[in-house]
Amino acid sequence: VTIPIQNGDRDLKKWQNFMDRAGKMHLIPIIRLATEGNYFNTSSWSKPKDEDIVDFANFLDSLEWPVKNRYVIIYNEVNRGDEWQGKAKPDEYARLLSYSVTVLKSKNPDFFIISSGMDNAASTDGTNFSEYDYFEKMNIAIPGIFNQIDGFSSHSYPNPAFSSPPDIDTPKSIHSFLYEINDIDSITSKKLPVFITETGWDQEAIPTAKIASYYKEAFDTVWNNERIVA
């Protein structure tokens, strides 16, 4: 189960209760770091700071986790400008991701660091980046950045419009994780596991029964890849 935790949310009792309940229900928690809305531009999220990472690391290390691996995703769809205070900046994210690995693993080596899921429909336009351009620029900014992490998150949505059938194979469909694997494998020696943490069909555009059949087909024929762990 993937749950976002925002800056300022340091309710130890609430989050320890969540961890305890996850353990009792045999669920593996995946915690996704999040900032808050940008005070000066409410259409975007604030950029995280180094001190945010230190704060998260201290708090998350104070919790008793129900599993050995402490899965943490470092922010969300950072190739979108509105997720990075108005303009996506892969060099800044690469540096922050590297810093996150250092800080979290210095607290406990069991922290399992997962890079941000990307918007697979985004294009490079000066504000946003296609995820593949973003990966390249991350690696230019911090050479070997993908060697530092333990896994990557994929938002394998059925685009365009969250509506394409599961047999449509493009970099913007539910097959997008395969294109991400190929791209990331070309710049790292590690075979990173894939965590599909966002996906789904538009329930206002497609009948529920059709969506159910799409999911079955997706799990049987697309998301059965051995690199996918969640």
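Glutamate 77 counts as buried, at 9% relative accessibility, where buried means under 20% relative accessible area, exposed means over 50%, and partly exposed lies in between (1.4 Å probe, protein chains only). This is a predicted model, in which local features need pLDDT of at least 70 and side-chain atom pairs count only at pLDDT 80 or more, while totals for chains, interfaces and linings use all residues. Residues are numbered from 1 along each chain as its sequence is written, and side-chain values use heavy atoms, with hydrogens and water left out.

Most residues other than glycine have a negative phi, and most peptide bonds are trans. Glutamate 77, although not a glycine, has a positive phi of about 40 degrees, and it is found in the loop between strand 5 (70-74) and helix 3 (90-107); helices (H or I, at least four residues) and strands (E, at least two) are DSSP runs, numbered from the N terminus. Glutamine 85, placed in the loop between strand 5 and helix 3, has a positive phi near 60 degrees. The peptide bond from asparagine 159 to proline 160 is cis, with omega near 10 degrees.

Turning to charged pairs, the count comes to 14 salt bridges, each a side-chain nitrogen of Lys or Arg within 4 Å of a carboxyl oxygen of Asp or Glu. Lysine 47 forms a salt bridge with glutamate 92, with their closest N and O atoms 3.2 Å apart. Because lysine 47 lies in the loop between strand 4 (41-45) and helix 2 (50-61) and glutamate 92 in helix 3, this pair ties together parts that are 45 residues apart in sequence.
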